[in-house]
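Trainee: Could you show me how to read aromatic pairs and the surroundings of a residue?
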Amino acid sequence: MCLAVPMQVMRIDGVLALCEARGVSRSASLMLIQHEGIGVGDHVLIQSGHVTAKVSALEAAETWALYDEIFTAEAARAGMV
(Lines give C-alpha, C1' and ligand atoms only; values in the text may rest on other atoms or scores of the structure.)
Protein backbone atom coordinates (compact mmCIF):
# COMPACT_ATOMS: atom_id res chain seq x y z
CA MET A 1 0.00 0.00 0.00
CA CYS A 2 1.29 3.45 -0.87
CA LEU A 3 0.12 6.49 1.08
CA ALA A 4 0.30 10.08 -0.10
CA VAL A 5 2.14 12.48 2.17
CA PRO A 6 0.83 16.03 2.67
CA MET A 7 3.54 18.64 2.22
CA GLN A 8 3.81 22.38 1.63
CA VAL A 9 5.41 23.76 -1.52
CA MET A 10 8.46 25.85 -0.63
CA ARG A 11 9.92 26.49 -4.10
CA ILE A 12 9.10 25.69 -7.70
CA ASP A 13 11.76 25.17 -10.35
CA GLY A 14 10.18 24.36 -13.70
CA VAL A 15 8.25 21.12 -13.27
CA LEU A 16 9.79 20.30 -9.88
CA ALA A 17 8.50 21.47 -6.52
CA LEU A 18 10.60 21.49 -3.37
CA CYS A 19 8.17 20.53 -0.62
CA GLU A 20 8.48 20.36 3.17
CA ALA A 21 6.67 18.64 6.01
CA ARG A 22 7.79 18.16 9.59
CA GLY A 23 11.35 19.22 8.88
CA VAL A 24 11.79 16.94 5.87
CA SER A 25 12.23 18.31 2.35
CA ARG A 26 11.54 16.43 -0.85
CA SER A 27 11.59 17.30 -4.51
CA ALA A 28 8.48 16.19 -6.41
CA SER A 29 7.38 16.32 -10.02
CA LEU A 30 4.47 18.56 -10.98
CA MET A 31 3.95 16.76 -14.30
CA LEU A 32 0.81 14.89 -13.18
CA ILE A 33 -0.95 18.02 -11.96
CA GLN A 34 0.11 20.82 -14.29
CA HIS A 35 -3.47 22.04 -14.73
CA GLU A 36 -3.91 22.83 -11.00
CA GLY A 37 -1.78 25.96 -10.88
CA ILE A 38 0.36 24.94 -7.91
CA GLY A 39 2.21 27.79 -6.21
CA VAL A 40 4.61 28.41 -3.34
CA GLY A 41 2.77 28.00 -0.04
CA ASP A 42 0.20 25.55 -1.41
CA HIS A 43 -0.36 22.22 0.30
CA VAL A 44 -0.13 19.14 -1.87
CA LEU A 45 -0.15 15.37 -1.63
CA ILE A 46 3.04 13.63 -2.72
CA GLN A 47 3.08 10.01 -3.78
CA SER A 48 5.98 8.16 -5.38
CA GLY A 49 7.84 11.39 -6.13
CA HIS A 50 4.88 13.11 -7.81
CA VAL A 51 2.46 15.77 -6.67
CA THR A 52 -0.90 14.04 -7.08
CA ALA A 53 -3.35 16.58 -5.62
CA LYS A 54 -3.66 20.07 -4.23
CA VAL A 55 -5.28 20.18 -0.78
CA SER A 56 -6.17 22.82 1.76
CA ALA A 57 -4.03 23.47 4.83
CA LEU A 58 -6.86 22.00 6.92
CA GLU A 59 -6.94 18.80 4.84
CA ALA A 60 -3.16 18.47 5.20
CA ALA A 61 -3.38 18.92 8.99
CA GLU A 62 -6.24 16.43 9.26
CA THR A 63 -4.28 13.88 7.24
CA TRP A 64 -1.24 14.27 9.52
CA ALA A 65 -3.50 13.86 12.57
CA LEU A 66 -4.78 10.57 11.16
CA TYR A 67 -1.23 9.42 10.37
CA ASP A 68 -0.20 10.30 13.95
CA GLU A 69 -3.00 8.07 15.26
CA ILE A 70 -1.75 5.23 13.08
CA PHE A 71 1.87 5.76 14.19
CA THR A 72 0.84 5.82 17.86
CA ALA A 73 -1.25 2.65 17.51
CA GLU A 74 1.58 0.85 15.70
CA ALA A 75 4.11 1.93 18.34
CA ALA A 76 1.79 0.72 21.12
CA ARG A 77 1.28 -2.58 19.34
CA ALA A 78 5.03 -3.00 19.03
CA GLY A 79 5.46 -2.18 22.73
CA MET A 80 7.29 1.07 22.02
CA VAL A 81 4.89 3.31 23.96
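Mentor: We will take the aromatic rings, then one serine. This is a predicted model, in which local features need pLDDT of at least 70 and side-chain atom pairs count only at pLDDT 80 or more, while totals for chains, interfaces and linings use all residues. Residues are numbered from 1 along each chain as its sequence is written, and side-chain values use heavy atoms, with hydrogens and water left out.

Trainee: How many aromatic pairs are there?
Mentor: A pair of aromatic rings is described by the distance of the centres and the angle of the planes. Rings of Phe, Tyr and Trp (its six-membered ring) pair if their centres lie within 6.5 Å, and planes under 30 degrees apart count as stacked, over 60 as edge-to-face and the rest as tilted. The count here is two aromatic pairs. Trp64 and Tyr67 are edge-to-face, at 5.8 Å centre to centre with 90 degrees between the planes. The pair of Tyr67 and Phe71 has centres 6.3 Å apart and planes at 40 degrees, so it is tilted. Together, Trp64, Tyr67 and Phe71 form one aromatic cluster.

Trainee: Is Tyr67 buried or exposed, and what about Phe71?
Mentor: Buried means under 20% relative accessible area, exposed over 50%, and partly exposed in between (1.4 Å probe, protein chains only). Tyr67, with 12%, is buried, whereas Phe71, with 48%, is partly exposed.

Trainee: Which residues does Ser25 touch?
Mentor: Contact means heavy atoms within 4.5 Å. Leaving aside residues up to four places away in sequence, Ser25 touches Leu18, Cys19 and Glu20. Ser25 counts as partly exposed, because its relative accessibility is 40%.
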